[in-house]
Amino acid sequence: MIVRTRIAPSPTGFPHIGTVYQALFDWAYAHRHQGQFIVRIEDTDQSRFVVGAEDKIYAALDWFGLGEDESPRKNGAFSPYKQSERLDIYKKYAEELVEKGYAYYCTKKPEELEILRQQKRVRKLPPVINEELRMQKHKKDSLSPGSYVIRMRIPDNERIIVNDGVRGEIVFDSNLIDDQVILKSDGFPTYHLAVVVDDYLMKITHILRGEEWINSTPKHILLYRFFGWEPPLFFHTSLLRNPDKTKMSKRHAHASVDWYKEQGYLPDAILNYLAHMAWRHPKETEIFSLDEFVQVFDFADMKAVGPAFDLKKLEWMNGEYLRATEINNLKLIIENYLKEYGKDSYELAKSKQNLFNASLPLIQERIKKLSEYWPMCSFFFTRPSSYELSMESYISSLKKTIEGLQNVSDWNAQVIGESMQKTCESLAAKKSDYFMMMRVAITGHKISPPLNESMELLGKDEVIDRLRLICG
RNA sequence: GGUCCCAUCGUCUAGAGGCCUAGGACGACAGGUUCUCAUCCUGUAAACACCGAUUCGAAUUCGGUUGGGAUCACCA
């Protein structure tokens, strides 16, 4: 059997980090078993369709290196991969179910159905309205297009067993499930029909999806049975949670893939972090590559807990990746980041390429996110516009320092340091105070890359100019 | 509200009846290195939700309670 996994996102907004989470496991499992990873676009809700959302999904997958084998953009043996282009297929299968007696035409309006359900709730009964629904006996010929839906008929008095790969057997009472709409009045299928038909037709073997689908799975199991198809294996993962354990909703900033990119997280670090959610490395290794993950991952090792996002740990991990990045690669990464999120700073840095290059080793172990580069390093490219310490009382010390620095002929970090040491001693100043003054005078900030090295990079003229500027 | 899922330090987790006076990682705190920050190194605090049952023995099995989450649409 060839392993085939898939993600089935809806193009209804920005790419969600949960989609990436899902894709990571699907991708890894497919790759581990030399199978295929498919992207199917589930765009059956016309009212929620967002232009451009589909492309953003691909862009996100590419960014993470989780490229798919088949999709609307790549095609493959099971085209089309977009549900809106498969309408005839669903219609055919829906009508097949009607013929077999597993489904029926329904002309009830959603509003009147809602009233019925309300009444049940008020009487504290399960809000199941199958009895009312099934009183209809429509023939297709008597129905005008757009006036009806097709509903699947849920059998009575049955225990429907869902075999979930991470949770074991889950039992549902069929009497508590409403007859589901499978074909909407606009001719589009609902998720239930489309997902079952497509997963079958596309030969999907393992379905990894969020736990919000658990309660729908008995309906899907039934559909497989009605069609006489063997169901795939199901694995329901818990939803990613916010730090306060609430569901990570679309309204939350860090639900969006773009947010992580903007913050300057590395895709590999994010993936590594995500892999720790509800799954653990057999050896409890913290840092591991995608390749290594592929070697050891199995759906069966997923846990059923709902993990909360810990940005602090992600930051730490991102820092680890940043420090392990080869310097020329780091250069490209930061350049690209600046180009995308700070056009002006990018131009500035590019205009002093050597300085930019030389700044990298100084900050590599000091930043945890790409967004921290510019605030920490802008002083290399532009003079401080303000100082985090009042410079007034230091003017005489600075003048003394200038004198010392002017005598430095071999301008390098060590000699610069020695010169300042000497000045500091002659001033009888406290070392930490003196160097803090110098740090702020040169960079504007109390926190900065190493002072001597920074001064070396800036060059003698620029350093002395900056000090003179303060002295007036 | 009905149904379903889940429950170990603040967070991610190890633990599949005695190896647990519960281990690791992040974070927190303290100390060392240091002209700042960061890195690096040392150390400290920090958890089996609760109540019953089974057993010689339970974090680990069972039942209940509580708590969190999901779901009950012509949305996915």
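Chain A of this predicted model is divided into domain 1 (4-83 + 240-301), domain 2 (86-237), domain 3 (325-380) and domain 4 (392-471), with bounds that come from an automatic or database domain assignment. The C-alpha centres of domain 2 and domain 4 lie 75 Å apart. Residues are numbered from 1 along each chain as its sequence is written, while chains are lettered from A and ligands numbered from 1 in the order in which they are written. Because the model is predicted, local features need pLDDT of at least 70 and side-chain atom pairs count only at pLDDT 80 or more, whereas totals for chains, interfaces and linings use all residues.

Helix 18 gives the largest share, 5 residues. At least two residues each come from helix 4 (110-122), strand 6 (168-173), helix 11 (311-324), helix 18 (431-443) and helix 19 (451-458); helices (H or I, at least four residues) and strands (E, at least two) are DSSP runs, numbered from the N terminus.

Helix 19 also meets helix 17 (residues 413-427): their axes come within 8 Å and cross at roughly 115°. Axes are lines fitted to C-alpha atoms, for helices over the stretch in contact, and angles run from 0 to 180 degrees between N-to-C directions. Ala413, Ile416 and Gly417 of helix 17 make the contact with Asn452, Glu453, Met455 and Glu456 of helix 19, contact being C-beta atoms, placed from the backbone, within 7 Å.

How values were computed
Two residues are in contact if their C-beta atoms, placed from the backbone, lie within 7 Å.
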